[in-house]
Structure formats: C-alpha cells, structure tokens
Amino acid sequence: MSVLELTDVHAGYGPYKALTGVTLSVQSGDAVALLGSNGVGKSTLVRVASGLVPTSQGQVCVLGRDIRGESVHALARRGVVHLPEGVGLFGDLSIEENLLLRLRRVPAPTRRRRLAEALEALGPLGSRRRTKARLLSGGQQRLVAVTGALAAQPTLLLADEPALGLSPAAADEVYAALERVRSTDTTLIIVETRLGRVENLCDRAVVLSSGRVAYDGPTSGAQDVLTGLIQRQPE
Amino acid sequence: MSNFLSYTLQSVPWGCTFALVAVGLVLTYRATGVFNFGFGAEAYAAGVIYTELFDHGVNRVWAAVIVVCVVAPVFGAVLEAGLFSRIPVGNTTAKMVTALGVMVVLPSIVQLFPGTGNLQAPFAPFFAPVIPIFQVGSFFINGIELTTVLATMVTLLLLMALLYSKRFGLPMRAAVESPKLLELTGVNSRSVLRSSWMVATMLAGLAGVLFAPVETPVTPTNYSIILVAAIAAAAVGALRSLPLAVVGGVALGMVQGVVQGYIPQTSVWYSALVPSLPFFCLLVLLLVHPGMRTLDQSSDPMMAVEPPPPTPALAQRPPHINRLIHRFRWILAATFALIVITFSPGPWIAALTIGGAYSVIFLSITLITGLAGQLSLAQAAFAGIGAATTAQLTINQHVPALVAAVAGAIVAGGGGWVASLPALRLRGLPVTLLTLCLALLADNLLFPTSWIGGGANGLTVPRPHIFGIDFSDVDSKSFLLLVLAVVLAVSGVVHVLLRGTTGRALAAVHASPVGAASSGVAVRRLTMFVFFLSAAIAGIGGALFAMSFLQESPSDFSWFWGPTFLVIVVTVGATTVEGAIEAGFGYALIAQALTYLPSTGSSSSNAVQSAVTVLVLSFGAFTYASHPEGIVEAAKRGIATTVLRAVPANPFERVGRKNS
C-alpha cells in the first residue's frame with residue numbers, strides 16, 4: 001500500500017519555488033532517506049506531505065487520500081507525525097505536557113500507559129517530567145520530541161534533520177530512538193544532508209537537486225550521486 | 001488605625017475592578033499571545049450595549065447575560081477570525097499595532113451611533129445596588145461592590161481551572177507559542193485560539209458591565225483609565241500569573257484608597273499623585289521586575305514555514321522608474337502647493353497649516369517606529385512638552401517664538417533621552433508600555449501644572465515675527481509657508497537618516513541588538529540618539545501645532561493621542577518620509593472636509609466628526625500584518641507592479657548593457 005504519493009508537485013514560499021515537479025511514491029513500512037544539500041527542497045517536501053506548505057501544482061496523496069483541502073491537524077490525526085527541523089517542542093510546557101499533547105486523542109487508560117512508557121524511554125530525563133522544555137539542552141529537547149512522536153504510534157513519521165546541531169553522543173541517542181521505529185509498521189522518511197547515520201537505518205534513498213528528484217534507489221548508490229552533485233555546484 | 005483600616009477595606013472593591021481587568025489582560029496574553037491594548041475599548045463597548053439594552057426595557061440581569069455570554073464571545077470570534085488569525089505568531093509588532101488599532105477604532109465606531117455620548121449606566125446586574133448588604137467594622141458593602149468582589153473571585157477560580165486543565169488549558173498555552181506546531185500534534189489551533197479570544201472578550205464584557213455603574217457616564221476615557229491601571233496590576237505577575245494579577249489589582253486599589261484618605265482633597269498632590277500611582281507602579285515594575293524584561297522573547301519554532309514578507313514598493317521598482325518618480329514628485333508637489341496656497345480659502349489654509357504640524361509630529365514616529373522599530377506611545381506627550389516649553393518661554397520669558405520652539409524641541413528631546421535610559425534594557429512590548437507610562441505621567445503630572453502646561457485652560461502661544469513678516473493672522477499664508485519649510489527641513493533630516501549609515505545601523509539594532517553590537521554598532525549611543533531626535537522632532541511639531549491655534553491646550557496632547565497618532569502613521573506608512581507627510585496632511589484635510597457635513601454644532605456632533613476622521617485613517621492598522629509598510633505603500637507597490645507589466649524595460653539600460 002502506498003503511504004505517500006507525490007505527482008509532479010510544485011511548492012514554495014511566496015515568489016520562491018522550492019519544489020519544481022517532484023514525483024515520489026513511498027510504500028508502507030519503507031524507511032526512506034531524503035538527501036541533498038541545503039536549499040534543494042528537502043524540508044519543503046516533508047512540509048508538503050504534512051500539509052504545512054500548500055502545493056501550487058500537482059497532487060499529494062497520503063494514506064490513499066488526496067490531501068488537498070485537508071488541514072494539518074486532520075492529517076496528524078490520520079497518523080502523519082512530522083518532527084520539524086530544530087527543536088519541535090513547546091518551550092513553555094513541561095516534558096510531560098509536551099508528551100501529553102501527542103497523546104491527547106488516545107483513550108485515558110492507554111494514554112497513561114503510553115505516557116509512562118515514554119517517560120521510561122527517556123531514562124534519567126523521565127524523572128524531570130515537570131521541567132519546562134526550554135530548560136533542557138538541545139539534545140535532550142530533541143530526544144523528548146522524538147520520544148513524543150514515537151509515543152503517538154504514527155503511520156508515517158517525517159523526521160526533518162533529527163540530529164541537526166547535536167553532539168555525536170546526543171545524535172546517537174536520537175537515532176537509537178528512531179531505530180525502534182523500524183521494528184514497528186511505521187513508514188519512516190528522514191531528511192538529512194549527508195548519508196552518514198541514515199545509511200544503516202534506511203533501505204532506500206531519494207536525492208533532491210534544485211527542487212527535483214535526482215536519484216531514487218538503494219542507499220548504497222546515493223553517495224556517488226551526492227558527490228557528483230557537490231562537484232557540479234558552481235564555485 | 002481605624003481610619004487606615006476603613007480606607008483600606010473601602011478600596012477593596014475598587015481594587016477588584018483593577019484585578020478583574022488585569023486577569024483579563026493576563027488571560028488574553030497567555031492564551032492568545034497578544035497584549036490586548038483594546039481590552040478597555042471592548043469593555044467600553046460592552047458597557048454601552050449593557051446600558052442601551054437596559055434603556056430599551058431589558059431586565060439588567062438579562063442585559064448583562066446577553067452582553068457577557070452572547071455579544072462578547074461573538075465579537076471575540078470576529079476579532080480572531082478577521083484580525084489576529086492573519087498575523088504570524090512571531091510578529092509581535094503586528095499584534096501590538098492591531099491591538100492598538102482596536103483600542104483607537106472601536107470607541108470611534110461606538111460613538112458613531114447617536115446617543116452614546118452621555119450614557120448613564122443602570123446599576124450592577126446582581127444584588128440591591130446601593131443599599132448596604134453587610135457590614136465589616138464601620139464599613140458597609142453595597143450591591144455594586146459585592147458584585148465586583150464576587151465576580152473577581154469567581155472569575156479567578158474559573159480561569160485558573162481552565163488554564164491549567166489538560167483538556168483546554170494545555171492546547172491554549174501551546175497555541176500561543178506555535179499554532180503550526182500544535183497543528184502537527186493533531187489539535188485544531190484555529191479553534192483553540194478562537195475559543196481563547198472568546199473567553200478573553202467575555203471577560204472584557206464582564207468588566208464593562210460591572211464597571212459601567214461605578215463610573216458614569218459611560219465614556220471611553222473612564223475605561224481607558226482603568227485599563228492602564230490594570231496593566232500595572234497585571235505587571236505584578238509579569239503578565240503571566242493570574243493570582244498575582246489579582247493581588248496586584250487589590251493592592252493597587254488599597255494603596256490608592258489609603259493615599260486618597262490621608263491627602264486632603266484640595267491639595268495639588270491629591271489631583272496629581274492619586275491618578276498617577278498606577279503609572280508609577282508600572283514604571284517601577286518595568287524597571288525592576290525580571291519577568292517584565294523578558295516579555296515577547298520567545299519565538300515560534302515554525303516561523304520558517306511562513307512565506308517571506310512582501311518587498312517594499314521602492315525595492316521592487318527598477319531604478320529608472322524610481323528616478324522618474326523622484327523628479328516628477330517634486331515638480332508635482334511644488335505645483336500643487338503653489339495652487340493650493342494661491343487659491344485656497346482661509347479655513348483650508350488653516351487646515352493645511354495644522355496638517356504640516358501633524359506631519360512633523362508624525363515624522364518623529366517614522367524615525368522611532370519605522371526606522372528604530374520601537375512602538376512609542378509617548379510622541380504626543382513629547383509634542384506637548386515642546387508646545388508647553390514654547391508657550392512658557394514666549395509668554396513669561398519673552399523669548400522670540402522660533403527660538404522658544406527650538407528650546408522646546410531640546411527640552412522634549414531631553415524627555416526622549418530620559419525615556420531611552422530604561423529602554424536600553426528593554427525591547428518590544430516593555431518599551432511600548434514604558435512610553436505609555438511616560439505619556440500618562442506627562443498627562444497627569446506635567447500638563448495640569450500651571451507653571452508647565454498651564455493647567456486645564458492651557459497657555460497662549462504667539463506666532464513668530466521675523467524679518468518684518470508678521471505670521472500672527474489666523475489664516476496666514478505666510479505661516480503656512482513657514483510650516484511647510486519646517487516640514488521640508490525635518491523631512492530632509494529623516495530622509496538622510498533613513499537612507500544613510502545611521503538608518504542601516506538602526507535597522508541592524510532593530511533586527512538584533514547583539515548582532516549589531518558584535519558588528520561594531522554603538523547600540524547604546526544610537527538608541528539614545530534616536531529617542532532624543534524623535535522626541536525633539538515631536539517637540540517642534542507640538543510647538544507648530546500650538547502656534548497654529550495660537551493656544552497650547554493639554555487636551556491636544558492627551559496620552560490617548562499617542563496611540564492614535566501611531567496607528568494613523570502605521571496605517572499610511574511608517575517606513576517612508578512621504579508616509580508621515582501624507583498621514584499628517586490627510587488627517588487635517590479629512591477633518592476639514594468633514595466640517596461640510598450637516599452638523600448640529602453640539603459636542604456629540606463634533607465627537608462623531610472626530611471619530612470618522614480617526615476611523616478613515618486608522619483602519620489600515622488592521623492590515624499591518626500583511627502590509628507592514630502601510631496601505632499607501634502597499635497600494636504604490638500594486639500600481640508599480642501593474643505599470644511594470646505594461647511598460648517595457650528602460651531602453652537606455654538595454655543599450656548600456658549591450659555596449660558593455
């Protein structure tokens with residue numbers, strides 16, 4: 001079953017066009033690495049998939065349904081969880097409150113169980129459940145965001161540069177959390193600029209260049225394409 | 001001791017009125033992210049509707065229920081859908097300007113309806129109105145007071161339950177930070193924010209109904225006064241804590257009661273100190289409360305998803321079109337000025353003169369808001385200081401009028417410099433509140449003092465007499481020319497600052513003070529300079545304004561004119577010199593044109609004319625989010641785009657390119 005289907009998608013911000021005709025299909029259970037250098041449209045693509053950025057042309061189908069006219073929250077309720085670039089937490093809310101927001105529509109007994117599991121998965125951070133998110137370090141905040149996303153048990157998880165700006169140890173923790181997704185039915189799309197950590201996590205890579213798909217295939221073949229694109233960039 | 005207790009207890013209900021409004025401000029700020037300057041205006045409108053419903057035979061309980069439970073929430077939903085939902089979360093300036101727009105426009109709309117000028121409110125909706133309900137020592141509590149106290153307590157408990165509940169409060173608090181991030185968790189952020197606005201306006205409605213019988217007649221001024229006092233109460237909890245806002249409100253009321261009790265009513269301190277107490281408190285809290293200094297410092301993590309703001313018309317046009325516009329603009333302006341000065345009748349000459357004075361005052365707003373990015377509500381007060389200094393020096397010291405005007409500008413500039421000292425430690429909303437405080441203190445302490453502002457009647461201000469030219473004729477064309485010369489000179493100064501290195505440095509400070517400082521910009525010196533210069537320019541404008549009328553009147557520079565002037569300039573265009581000039585002349589000329597409408601000559605008729613003038617020029621404040629450059633500038637951009645599509649590119653530039 002196709003979880004995400006993009007056909008000739010054009011999208012952007014005001015006069016700036018970030019995507020200029022992207023066609024892509026992601027099947028259920030896939031783990032896809034979305035790669036490319038800065039400004040090629042990777043973040044815009046996942047924003048289009050979560051409904052944050054509207055398309056100016058083309059069709060986007062999520063879980064078999066055209067998302068035109070569908071709100072972001074309605075898509076989220078259908079199981080699309082988007083971890084945006086950066087922190088992705090509400091700084092003025094506590095760790096527990098941030099997790100609860102993800103579990104808001106779950107029945108109370110299940111919510112309590114999943115909250116307890118999420119807090120446990122956070123390790124030592126779980127004991128600081130009432131601490132405001134903005135008082136945590138960047139890595140800790142990212143870990144809480146990923147744990148919250150996993151607690152929601154998404155059908156499609158869109159993670160936009162989950163290790164951006166983190167120390168290697170913190171990035172390892174975040175990727176360890178994402179590894180747990182691979183054991184579930186969740187379809188995973190991870191945005192990264194380099195192959196690095198995603199090579200082991202994902203079985204398929206999509207490389208974007210100038211708002212279009214430049215490569216779509218096994219992760220093993222992506223590095224050559226990325227290197228070629230970097231070499232072709234003007235000085 | 002018994003006197004002290006009596007004064008204290010008597011003031012609790014009054015303090016509860018402050019507390020109720022303060023709770024409303026805190027809730028609006030926490031649940032919508034907007035500091036609602038329009039809260040007083042909303043409460044005023046509610047008070048008027050409550051009174052009108054009662055006058056039309058509706059029982060006062062039902063009238064209160066209709067206002068609080070039906071009219072207010074519907075209005076809140078309209079405010080959210082029509083105005084605030086269009087503003088990006090991170091754009092705090094747009095939020096403040098829009099809230100100020102509500103503050104200025106809503107009373108003007110209400111006053112357009114006949115009979116709203118002198119409304120006598122019915123009693124409070126519950127309990128017997130003025131009959132003592134019960135006694136505490138020697139102090140009796142009547143129905144109005146009991147209603148206020150109970151309403152405050154019940155409101156506090158209900159709101160705390162609402163704000164800290166997981167079902168409603170959690171999404172409310174999250175929506176303030178980032179509606180888009182909240183959407184990603186599966187919550188409809190629009191409906192959350194709309195509900196927050198509905199609850200917040202219900203509180204404004206409740207405050208309006210409860211306050212109407214306390215201070216009659218029902219006027220916007222009374223509601224504005226209680227709003228600014230409530231800001232001080234809300235500041236006790238740094239606009240975040242509901243219980244502390246209540247404590248602040250009650251404490252403020254009690255302190256006012258005690259001061260009122262001990263100071264003789266005939267004393268000058270009574271009339272000056274008692275109304276100014278909340279403003280002193282707010283000033284102190286802004287300076288010492290760490291929570292007030294960090295307001296508006298959180299940013300939306302999803303801001304990158306928003307499309308970039310539109311480019312200004314000037315940046316969009318090719319250079320050859322700009323050159324053409326610049327050349328023809330001066331020729332057109334000079335021809336227009338010549339025709340107008342030669343053929344205009346007396347009243348229009350006077351209107352143009354006043355328009356020139358307004359233009360100078362408005363140019364000070366271009367400098368402080370358009371260039372430095374600070375929303376100052378004290379520019380009218382600085383204009384008043386300039387006018388008062390000019391009047392005092394010419395009348396009492398016999399200083400020539402022009403020299404006195406320059407001295408007035410320096411004194412006003414000094415006021416601006418003083419304002420800049422605390423502003424060095426603050427940014428955004430706290431600076432706006434600080435300037436509001438200064439305007440209120442000037443209004444309550446400086447202008448009513450006979451040796452400064454001349455008291456209630458003001459002072460006579462003579463016009464200059466230079467090189468044998470007498471400018472004192474009321475419809476004098478020569479004085480208009482003098483005013484136009486000053487407008488031209490001030491425009492030149494502001495233009496140079498806008499386009500020069502100072503302008504770029506100020507833009508850098510506006511974007512990021514830390515970044516500007518690390519690039520070698522002297523942030524402190526530059527901030528002090530821009531505050532000084534803008535206040536000095538406002539001072540010159542104030543002196544010209546007073547000379548136009550041959551009279552300096554404190555009511556011309558009342559604190560309320562500060563927000564009104566700001567909203568008018570922002571509407572037309574706060575980022576360009578021509579925006580301020582168009583706003584100044586537009587305001588005066590529209591007011592003059594409205595005098596031709598049928599009028600009864602009564603004060604209410606004049607109020608309607610004044611309201612229409614403000615309305616015409618202030619509506620654009622509601623489009624600030626999409627057009628931060630002003631609606632006139634936005635229209636220019638639209639015209640430029642259309643013209644550029646129709647007109648081919650400059651042929652000379654093509655030749656130049658080919659040759660090169």
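The centres of domain 1 and domain 2 of chain B, taken over C-alpha atoms, lie 31 Å apart. The model is predicted: local features need pLDDT of at least 70, side-chain atom pairs count only at pLDDT 80 or more, and totals for chains, interfaces and linings use all residues. Residues are numbered from 1 along each chain as its sequence is written, chains are lettered from A in the order in which they are written, and side-chain values use heavy atoms, without hydrogens and water.

Domain 1 of chain B spans 2–296 and domain 2 spans 353–595; these bounds come from an automatic or database domain assignment. Contact (heavy atoms within 4.5 Å) joins 27 residues of domain 1 to 24 residues of domain 2. The two domains bury about 2500 Å² between them, 85% of it from carbon and sulfur atoms. Buried area is the accessible area (1.4 Å probe) that two parts lose on being put together, summed over both.

Chain B also meets chain A. The contact takes 23 residues from chain B and 25 from chain A. About 2200 Å² is buried, with 66% from carbon and sulfur atoms. On the chain B side, B:Leu170, B:Glu177 and B:Leu184 lose the most area to chain A, together 26% of what that side buries.

Within chain B, helices α2 (residues 12–32) and α6 (residues 143–163) were examined. Helices are DSSP runs (H or I, at least four residues), numbered from the N terminus. The two axes come within 8 Å and cross at roughly 25°. Axes are lines fitted to C-alpha atoms over the stretch in contact, and angles run from 0 to 180 degrees between N-to-C directions. α2(B) is therefore roughly parallel to α6(B) (angles under 35 degrees).

Key
Helix = DSSP H or I, 4+ residues; strand = E, 2+ residues; numbered from the N terminus. Parallel < 35°, antiparallel > 145°, perpendicular 65-115°, else oblique.
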